[in-house]
Amino acid sequence: MQILRTPDSAFENLPGYDFKPNYLEVQNLRMHYVEEGNSKGEIVVLLHGEPSWSYLYRKMIPPLAATGYRVIAPDLIGFGKSDKPDDPNFFTYQTHMDWLKEFVEKLDLKKITLFCQDWGGLLGLRLAAENQDRFSRIVAANTFLPTGDIPPKEDFLKWRHFSQNVKRLAIGTIVKNGCASELTKEIVAAYDAPYPDETYKAAARKFPALVPITPDDPASAANRKAWEILKTWRKPFLTAFSDSDPITKGGDIFFRRLIPGAKGQKHVTIANGGHFLQEDKGEELAEVVKTFISANP
């Protein structure tokens, strides 16, 4: 197995993304993250999913940082500016959990407000459940925490099959197709920037196959345990799903019904937002997060 690292030159002049890079080591792999704002402010962690990277949060980071928060947006291992092992079998649900947990521990992040979307929720919600003392609030957007006990939607199964069999995984185009708004060629190219060729896409290709779709999936038991904790979670919990995502539509109802901390919160539906609602409505989402934190000190 090789550990690939995208050349810095690939990230030059990306539209809207001129943040200073930061790095730390997790299990001998270099993990990149954006950190902006007040180093002593409320910590807001923004977790991306499949097949995006921290570029997805470029519209949310500046307004949150300007409010005085310490805003942190990591690139998961295999994505963005983070190291990219080229063996798909190296990636499991648990390895991603382990890397993310070490990331949070090494930065010693506490009183976190988590914003998570797509796989950012599959990882972040479980991370919060397993490390309750580090988290104060959660915003869940177009995500879920599957156990395999509920059959997946047909749209997801089609995506899973496509991702595992297509010869070239066109990441920028996939993000474009998951948005309600039109993306310029330059923005599509920015989502492609971390991946010079297919060997760099092992993590992106593997993620869909790691979603638990049967009760006996390797991650199912741990996710069930996380749900048992979330069902007792009384810290503030907000849903901010979009209105135009066939993959996660309706998932917000589960959170609102099952998580005590969601009761009484002003849950929102983001109009004209696709699966990648941060791309479609990033500034609006930043305002949602700001209002949520202010309302739940």
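Which side chain meets Arg5 in a salt bridge? Asp83 does, with 2.8 Å from N to O. Please keep in mind that this is a predicted model. The points below start from that pair.

1. **The Arg5–Asp83 pair.** Side chains of opposite charge can pair when their charged atoms come close. Look at where the two partners sit. Arg5 is in the loop between strand S1 (3-4) and strand S2 (21-26). Asp83 is in the loop between strand S5 (70-74) and strand S6 (84-85).

2. How many salt bridges does the structure hold? There are 16. The pair of Arg5 and Asp83 is one of these salt bridges.

3. Next, find helix H3 (residues 119-130) and helix H8 (residues 220-230). Their axes come within 9 Å. They cross at roughly 65°. The crossing of H3 and H8 is left-handed.

4. **Who makes that contact.** H3 brings Leu125, Arg126 and Ala129. H8 brings Ala222, Asn223, Ala226, Ile229 and Leu230. What classes do the residues of the contact of H3 with H8 divide into? Six are nonpolar, one is polar and one is charged.

5. Rolling a probe the size of a water molecule over the atoms shows where empty space is left. In this structure there is one cavity of 30 Å³ or more. The largest cavity has a volume of about 30 Å³. Its lining consists of Lys101, Val104, Glu105, Leu127, Asn131 and Arg134. Helix H2 (residues 93-106) supplies the largest share of that lining, three residues. By class, the lining of the largest cavity has three charged, two nonpolar and one polar residues.

6. **The second largest pocket.** About 160 Å³ of space lies here. Which residues line the second largest pocket? They are Leu238, Gln265, Lys266, Val268, Val288, Thr291, Phe292, Ala295 and Asn296. Helix H10 (residues 277-295) gives the most to this lining, with four residues. The lining of the second largest pocket has five nonpolar, three polar and one charged residues.

7. **What to check on screen.** Start with Arg5 and Asp83, whose side chains meet in a salt bridge. Then turn to H3 and H8 and view their left-handed crossing. Finish with the lining of the second largest pocket, including Phe292 and Lys266.

Methods. Residues numbered from 1 in each chain as written. Predicted model: local features only at pLDDT ≥ 70, side-chain atom pairs only at ≥ 80, totals over all residues. Heavy atoms only, no water. Axes fitted to C-alpha atoms, helices over the stretch in contact; angles between N-to-C directions. Helix = DSSP H or I, 4+ residues; strand = E, 2+ residues; numbered from the N terminus. Left-handed = near helix turned anticlockwise from the far one by under 90°. Contact = heavy atoms within 4.5 Å. Nonpolar A, V, L, I, M, F, W, Y, C, P; charged D, E, K, R; others polar. 1 Å grid on protein atoms, 1.4 Å probe; cavity = no way out; pocket = protein on both sides within 12 Å on 5 of 7 lines; lining within 4 Å. Points joined across faces, edges and corners; volume = space filled by probe spheres on them. Salt bridge = Lys/Arg side-chain N within 4 Å of Asp/Glu carboxyl O.
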